[in-house]
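Good morning, and thank you for coming. I would like to take you through one structure, helix by helix. Please look at the display as I speak.

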Amino acid sequence: MPKKRRKLNKDFEKEIHTSKKNVELVLAKIYDIDDEDIQKEYMSAFNEVIYNYDQLKNDYELIGFNDNSINLIENYNKAFSLFEAEFEI
């Protein structure tokens, strides 16, 4: 039986790409922090954002755009906003 093709969505792909760039930018800024204790604190807090981004990306790569996709992008956006509100970067 042939494998079912995953459903694609150009706008959603753009959001994933933008999310990736945001994660990379914040990680670069965290790695530039000289104080190791502060860097660990920021990294620990940012792990939630990374986790949500990975879920979002993996779900889209494996399944494509689906009912859960909107929830995943909302979870990522909430985690990123919360991190930005709590930590100055």
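**The buried side of helix α1**

In this predicted model, the buried residues of α1 are Phe12, Ile16, Ser19, Val23, Val26, Leu27 and Ile30. Because they cover an arc of only 100° around the axis, they lie on the same side of α1. The buried residues of α1 pack against α2 and α3. Turned away from that buried side is a face that carries the exposed residues Lys10, Asp11 and Lys14.

As for its dimensions, α1 has 22 residues and reaches 32 Å from its first C-alpha to its last, close to the 32 Å expected at 1.5 Å a residue. At the start of α1, a side-chain oxygen of Asn9 comes to within 3.0 Å of the backbone nitrogen of Asp11.

Let us turn to α3. Which residues of α3 are buried? They are Ser69, Leu72, Ile73, Tyr76, Ala79, Phe80 and Phe83. Their arc around the axis is only 125°, which puts them on the same side of α3. These buried residues pack against α1, residues 10–31, and against α2. On the other side of α3, the exposed residues are Asp67, Lys78, Ala85 and Glu86.

The 20 residues of α3 should span 28 Å at 1.5 Å a residue, and its end C-alpha atoms are 30 Å apart, which agrees. The N-terminal end of α3 is capped by Asn66, with a side-chain oxygen 2.7 Å from the backbone nitrogen of Asn68.

I come now to helix α2, where Asn52 is found. Is Asn52 buried or exposed? Its relative accessibility is 7%, so Asn52 counts as buried. Leaving aside residues up to four places away in sequence, Asn52 touches Asn75, Tyr76 and Ala79.

Finally, the aromatic rings. A search of the whole structure finds nine aromatic pairs. One of them joins Tyr42 and Phe83 edge-to-face, at 6.3 Å centre to centre and with 80° between the planes. This pair links distant parts of the chain: Tyr42 belongs to helix α2 (residues 36–62) and Phe83 to helix α3 (residues 67–86), 41 residues apart. Both Tyr42 and Phe83 are buried. They also belong to one aromatic cluster, formed by Tyr42, Phe46, Tyr53, Tyr76, Phe80, Phe83 and Phe87.

Definitions and conventions
Residues are numbered from 1 along each chain as its sequence is written. This is a predicted model: local features need pLDDT of at least 70, side-chain atom pairs count only at pLDDT 80 or more; totals for chains, interfaces and linings use all residues. Side-chain values use heavy atoms; hydrogens and water are left out. Rings of Phe, Tyr and Trp (its six-membered ring) pair if their centres lie within 6.5 Å; planes under 30 degrees apart count as stacked, over 60 as edge-to-face and the rest as tilted. Helices (H or I, at least four residues) and strands (E, at least two) are DSSP runs, numbered from the N terminus. Buried means under 20% relative accessible area, exposed over 50%, partly exposed in between (1.4 Å probe, protein chains only). The expected span of a helix is 1.5 Å times one less than its number of residues. The arc is that of the directions from the helix axis to the C-beta atoms. Contact means heavy atoms within 4.5 Å. A polar contact is a pair of N or O atoms within 3.5 Å; within protein, one must be able to donate a hydrogen and the other to accept it, and residues adjacent in sequence count only if both atoms are side-chain atoms.
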